[in-house]
Amino acid sequence: QVQLVESGGGLVQAGGSLRLSCVASGSIFSINTMGWYRQAPGKQRELVATITNIGSTNYADSVKGRFTISRDNAKNTVYLQMNSLKPEDTAVYYCNAGVRTGTPLRLYSIWGQGTQVTVSS
């Protein structure tokens, strides 16, 4: 069983910063791409940023230049540094990882439980 646990969400004023963390634990053979997604009330879940196991990154246009995704492969952890936060960044942020696990080995898309980020104006 593999699980992802996010932390670091909270309430911040516009212009402020937050750092999200997501740790993968359990019976893990390897982790491919890790990423952050978000879902605001009444909206669909959307991609925020992803990072491959060799460090290639991809960002949504709305967060480019403000958010930075990084990972520590030794700790099975992905981070999201969020700067210059705006009220429209308010959402539940979810961690996702492509994890190889099980016998036989298979690739699963695992989701965390989400962490709330609220940006006040």
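Select Glu46 to begin: this residue is partly exposed, with a relative accessible area of 36%. The model you are viewing is predicted. Glu46 and Arg38 form a salt bridge, and their closest N and O atoms are 2.7 Å apart.

Keep that pair on display and select Arg66 and Asp89. Their side chains meet in a salt bridge, 2.7 Å from N to O. Arg66 sits in the loop between strands S6 (57-59) and S7 (67-72), and Asp89 in the loop between S8 (77-82) and S9, so the pair ties together parts that are 23 residues apart in sequence. Both residues, Arg66 and Asp89, are buried. With Arg38 and Glu46 they are linked in a network of salt bridges.

Next, select Asp61 and Lys64, whose side chains meet in a salt bridge at 3.1 Å, N to O. Asp61 is exposed, at 64% relative accessible area, and Lys64 is partly exposed, at 49%. The structure holds four salt bridges.

Move on to Cys22 and Cys95. They form a disulfide, with sulfur atoms 2.1 Å apart. Cys22 lies in strand S3 (residues 18-26) and Cys95 in strand S9 (residues 91-101), so the link ties together parts that are 73 residues apart in sequence. Both cysteines, Cys22 and Cys95, are buried. A search of the whole structure finds one disulfide.

Finally, follow S9 to its end. Six bridges join S9 to strand S10 (residues 106-111), and the two run antiparallel. Select Thr101 and its bridge partner in S10, Arg106. S9 and S10 form a hairpin with four residues between them, and Gly102 in the turn has a positive phi of about 90 degrees.

Conventions: Residues numbered from 1 in each chain as written. Predicted model: local features only at pLDDT ≥ 70, side-chain atom pairs only at ≥ 80, totals over all residues. Heavy atoms only, no water. Disulfide = S-S within 2.5 Å. Buried < 20%, exposed > 50% of the residue type's maximum accessible area, 1.4 Å probe, protein only. Pairing = 2+ DSSP bridges.
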